[in-house]
Amino acid sequence: MAIFLILSIIFSVMFATCYKIAVHNNCNLQAVNTWNYIGAVITILIFMLIKKHFPFSWLIFAIAVASGFSAYFSTYTFFLHIKQGQLSTSWTIISLSVAFPVLASILIWNEQPSAKQIAAMIIIVFAFILVGKNSSKAVPVSKKSYIYLLIAFFLSGLSAVLYKTISELNMQSFVLFYTLILYSTGMIIGLPFVAAKKTEPYKADIGIGVMMGFSGAVSTIFLMKSLELIPGIIVFPSRSMGNLILTAIISILIWKDKLSISQWIGMTLSLAAIWLII
């Protein structure tokens, strides 16, 4: 049963790694981001054709379009940030956006937070500060880059809240349809930006973008399969922590990220917060 969860984590790590590969290869980041959504749309469409599952709901369509706007600009601003940032620490910040659905549950759906969730919220504040400290004096990270990371963080959180809305509406059977419209919205937003540049995209832009979209979509599909077999209370923290740890290991070994003691502490606190919050 755990095989689907493991595969979801692996493909999610592949998705995260594509950010750094695109920057390392000096790609056109807007083109890569757009091809990311094109690749995801193709992958989800193929999966829907195989399953012969074509639900439709105008309400889910509207939520998915809003989430698509949020997701597109979240991935693009993260691209802009990672030109200077370290993938290990920056991806940790993005992982902490799991706090947003919990906040929404408290503020919008009037759910009572548990003591663990309150503790997680407090830990996240300290983790955010510690992880954000730049350890490399040779490659300073500009304030502008940190602003891009903050935008990506909040927009990623917004997407998570919109996804949770489907669960609150008891419309989980529309998740695949929601995912298709989300990715399609990102694709439609990105195409005019790429066309406006009036330059042919390089093969690397297309290849990395499609691989990124394929990885993200397949990770989502395996996540849904995992949730059919394993309780969400196990799946979500396991996936978030596995994603965070493997991405950090790859970043340190391949991209030679150098972390300060405060950043190590921040990443450890992040793992604790993710475990507590779900």
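**Group meeting: a walk through a helical model**

Leaving aside neighbours within four places in sequence, Gln30 is in contact with Tyr72, Tyr76, Phe193, Val194 and Lys197, where contact means heavy atoms within 4.5 Å. Hello everyone, let me start from that residue. Before going on, a word on the source: this is a predicted model, so local features need pLDDT of at least 70, side-chain atom pairs count only at pLDDT 80 or more, and totals for chains, interfaces and linings use all residues. Residues are numbered from 1 along each chain as its sequence is written, and side-chain values use heavy atoms, with hydrogens and water left out.

Back to Gln30, then. Is Gln30 buried or exposed? With a relative accessible area of 11%, Gln30 is buried. For these words, buried means under 20% relative accessible area, exposed means over 50%, and partly exposed is in between, with a 1.4 Å probe and protein chains only.

Gln30 is found in helix α2. Helices here are DSSP runs of H or I with at least four residues, strands are runs of E with at least two, and both are numbered from the N terminus. Helix α2 covers residues 29-51, 23 residues in total, and reaches 33 Å from its first C-alpha to its last, close to the 33 Å expected at 1.5 Å a residue. That expected span is 1.5 Å times one less than the number of residues.

Now look at the two ends of α2. At its start, a side-chain oxygen of Asn28 reaches to within 3.2 Å of the backbone nitrogen of Gln30. After α2 comes Lys52, with a positive phi near 55 degrees. Lys52 sits in the loop between α2 and α3 (58-82) and counts as exposed, at 70% relative accessibility. Asn26 also deserves a glance: its phi is near 55 degrees, a positive value in a residue other than glycine. Asn26 is in the loop between α1 and α2, and with a relative accessible area of 69% it is exposed.

Next, Trp91, which has its place in helix α4 (residues 87-95). Trp91 is buried, with a relative accessible area of 8%. Which residues does Trp91 touch, not counting those up to four places away in sequence? They are Phe15, Ala16, Tyr19, Phe78, Asn243 and Thr247. With Asn243 there is also a polar contact of 3.2 Å between the side chains. A polar contact is a pair of N or O atoms within 3.5 Å; within protein, one must be able to donate a hydrogen and the other to accept it, and residues adjacent in sequence count only if both atoms are side-chain atoms.

A few words on helix α8. It spans residues 175-196, has 22 residues and reaches 33 Å from its first C-alpha to its last, close to the 32 Å expected. α8 is mostly covered, with 16 of its 22 residues buried.

Ile3, Ile6, Ile10, Met14, Met211 and Phe214 make a nonpolar surface patch of about 490 Å². The elements giving two or more residues to that patch are α1 (2-24) and α9 (203-229), and the largest share, 4 residues, comes from α1. Patches are made of residues with over 30% relative accessible area and no salt bridge, with like charges joined within 9 Å and nonpolar side chains (Val, Leu, Ile, Met, Phe, Trp, Tyr) within 5 Å. A salt bridge is a side-chain nitrogen of Lys or Arg within 4 Å of a carboxyl oxygen of Asp or Glu. Phe214 lies in α9 and, at 35% relative accessibility, counts as partly exposed.

Note on methods: Accessible areas come from the Shrake-Rupley method with a 1.4 Å probe; for residues, only the protein chains shown count as cover.
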